[in-house]
Amino acid sequence: MMYLAPFCTLAINLFIIWFMPKRLTRREIYISWFVIALINLSTDITLDLYFKLYELGGPGVQLPVHVIELTLGASFGIIFLNFMPEKFSSFLFYLAIWMGITLAFESFMVHVKFINYTGWKAWYSIPYYIAAFCFVRWHLFYIRKGT
């Protein structure tokens, strides 16, 4: 179940991405996917393997964990960006909804034992996700600007 839950979620996200009405260009999806995946992987390597604040998929390094790190967060990010409103006041409500989704999903991953907190507190995720969502919003506007 530890790996089943994240891989099933990834399959659902990829299904959503495939069939959702696209508001992002292929180029925006491609660039955003790799930027989000890189941030996700580097964050997890730092917080999991270096600071040992949590474990993903058990102690040590596992290939399935890295596959999830490079795909699952990015798939959520593409869905987030695709439906994100441009108006800031609407974005704040959208951000609040996504905070609920991501915190619930993280709790589910803890429940199925894919994530094991060793020094991390659940509330630490709140500022991290706020920063991440604001960053990808800025990122999309930056690549659309062309510079």
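Author: Start with helix H1 (residues 4-19). Its 16 residues should span 22 Å at 1.5 Å a residue, and its end C-alpha atoms are 23 Å apart, which agrees. The expected span is 1.5 Å times one less than the number of residues. Helices (H or I, at least four residues) and strands (E, at least two) are DSSP runs, numbered from the N terminus. This is a predicted model: local features need pLDDT of at least 70, side-chain atom pairs need 80 or more, and totals for chains, interfaces and linings use all residues. Residues are numbered from 1 along each chain as its sequence is written, and side-chain values use heavy atoms, without hydrogens and water.

Reader: What makes the buried residues of H1 lie on the same side?

Author: The buried residues are Ala5, Pro6, Thr9, Leu10, Asn13 and Ile17. They cover an arc of only 135° around the axis, so they sit on the same side of H1. The arc is taken from the directions from the helix axis to the C-beta atoms. Buried means under 20% relative accessible area, exposed over 50%, and partly exposed in between (1.4 Å probe, protein chains only). On the other side of H1, Ile12, Phe15, Trp18 and Phe19 are exposed.

Reader: What do the buried residues of H1 pack against?

Author: They pack against H2, helix H3 (63-83) and helix H4 (88-111). Contact means heavy atoms within 4.5 Å.

Reader: Why is Asn40 called buried?

Author: Its relative accessibility is 18%. The limit is under 20%, so Asn40 counts as buried. Asn40 is in helix H2 (residues 26-50). Leaving out residues up to four places away in sequence, Asn40 touches Glu69 and Gly73.

Reader: What makes a space a pocket, and what makes it a cavity?

Author: Both are found on a 1 Å grid over the protein atoms alone. In a cavity, a 1.4 Å probe fits but cannot get out. A pocket is an open set of points with protein on both sides within 12 Å along at least five of seven lines. Lining residues have an atom within 4 Å of a point. Points are joined across faces, edges and corners, and a volume is the space filled by probe spheres set on them.

Reader: Which residues are closest to the centre of the largest pocket?

Author: The largest pocket holds about 790 Å³ of space. Of its 33 lining residues, Asn40, Asp44, Gly73, Tyr128 and Tyr129 are the closest to its centre. The lining divides into 24 nonpolar, six polar and three charged residues. Ala, Val, Leu, Ile, Met, Phe, Trp, Tyr, Cys and Pro count as nonpolar, Asp, Glu, Lys and Arg as charged, and the others, Gly among them, as polar.

Reader: How many cavities of 30 Å³ or more are there?

Author: The count is one. The largest cavity has about 50 Å³ of space. H2 gives the largest share of its lining, four residues.

Reader: What makes Lys52 and Lys113 stand out?

Author: Their phi angles. Most residues other than glycine have a negative phi. Lys52 is not a glycine, yet has a positive phi of about 55°. Lys113 is not a glycine either, and has a positive phi of about 70°. Lys52 lies in the loop between H2 and E1, and Lys113 in the loop between H4 and E2.

Reader: Are these two buried or exposed?

Author: Lys52 has a relative accessible area of 55%, so it is exposed. Lys113, at 59%, is exposed too.
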